[in-house]
Amino acid sequence: MKKSSVYTRTGDDGTTALVGGKRVSKASLKLESYGTVDELNSQLGLLLTYVTDAQDREQLLRCQCNLFTIGAMLATEPEYCKEGFPRSEVEAMELAIDQANEGLPGWRGFTLPGGSRAAAMAHVCRTVCRRAERIICALAQEEPVDPQLAVYVNRMSDYLYVLACRINHLAGVEENLWKKMV
């Protein structure tokens, strides 16, 4: 039986290949963009270990699949991207936000990250998501990037905020609101 090697040694010089074959620096904004999307996907995987609600779990798994698609699109040279990210997924995310927001108390002020362990993890995911969005927007200033990627990631960060509030609400945990101390 032939063993499959995980290491190729082709990246030892600090470069990696994009889909399409072009080699780029591992320090490039392109790699930073899809690396951060991958980080977010991993953080969502950790969040899933805390989330028990079936509807929330299903939505988070959908987010993970979409993030994998986004990462693949970002890892592909622009001329090889044949299809754009579907607007229907942005609309589905908006619906998920609306559904997660049902039954929650209205906005009472800025929420400090925390509460239950699952909600705190959702806030960590939200902040990584915001960073991914910023990097995708910076990349779009350098090369063509499907604008729906940044739109979807922006909606996902909104979803993660509402999800954190929902998780705390369902657990009976009161949100901590920001109070100016100085």
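The model is predicted. Its largest nonpolar core holds 46 residues. A search of the whole structure turns up zero disulfides.

**Nonpolar core**
- Leu-44, Leu-47, Met-156 and Leu-160 have the most contacts inside the largest core.
- Helices H1 (29–48), H2 (54–74), H3 (87–101), H4 (117–140) and H5 (147–171) each give two or more residues to this core.
- H5 supplies the largest share, 12 residues.
- Leaving aside residues up to four places away in sequence, Met-156 touches Leu-40, Leu-44, Cys-63, Leu-67, Met-93 and Cys-129.

**Cysteines**
- No disulfides are found in the whole structure.
- Cys-65 is exposed, at 53% relative accessible area.
- Cys-165 is buried, at 13% relative accessible area.
- The sulfur of Cys-165 lies 14 Å from the closest cysteine sulfur, in Cys-125, which is too far for a bond.

**Thr-36**
- Thr-36 sits in helix H1.
- Thr-36 is buried, with a relative accessible area of 2%.
- A polar atom of the Thr-36 side chain is 2.7 Å from the backbone oxygen of Glu-32.
- Not counting residues up to four places away in sequence, Thr-36 touches Val-128, Arg-131, Ala-132 and Ile-135.

Note on methods:
Residues are numbered from 1 along each chain as its sequence is written. This is a predicted model: local features need pLDDT of at least 70, side-chain atom pairs count only at pLDDT 80 or more; totals for chains, interfaces and linings use all residues. Side-chain values use heavy atoms; hydrogens and water are left out. A nonpolar core is a set of buried Ala, Val, Leu, Ile, Met, Phe, Trp, Tyr and Cys residues joined through side-chain atoms within 4.5 Å. Buried means under 20% relative accessible area, exposed over 50%, partly exposed in between (1.4 Å probe, protein chains only). Helices (H or I, at least four residues) and strands (E, at least two) are DSSP runs, numbered from the N terminus. Contact means heavy atoms within 4.5 Å. A disulfide is a pair of cysteine sulfur atoms within 2.5 Å. A polar contact is a pair of N or O atoms within 3.5 Å; within protein, one must be able to donate a hydrogen and the other to accept it, and residues adjacent in sequence count only if both atoms are side-chain atoms.
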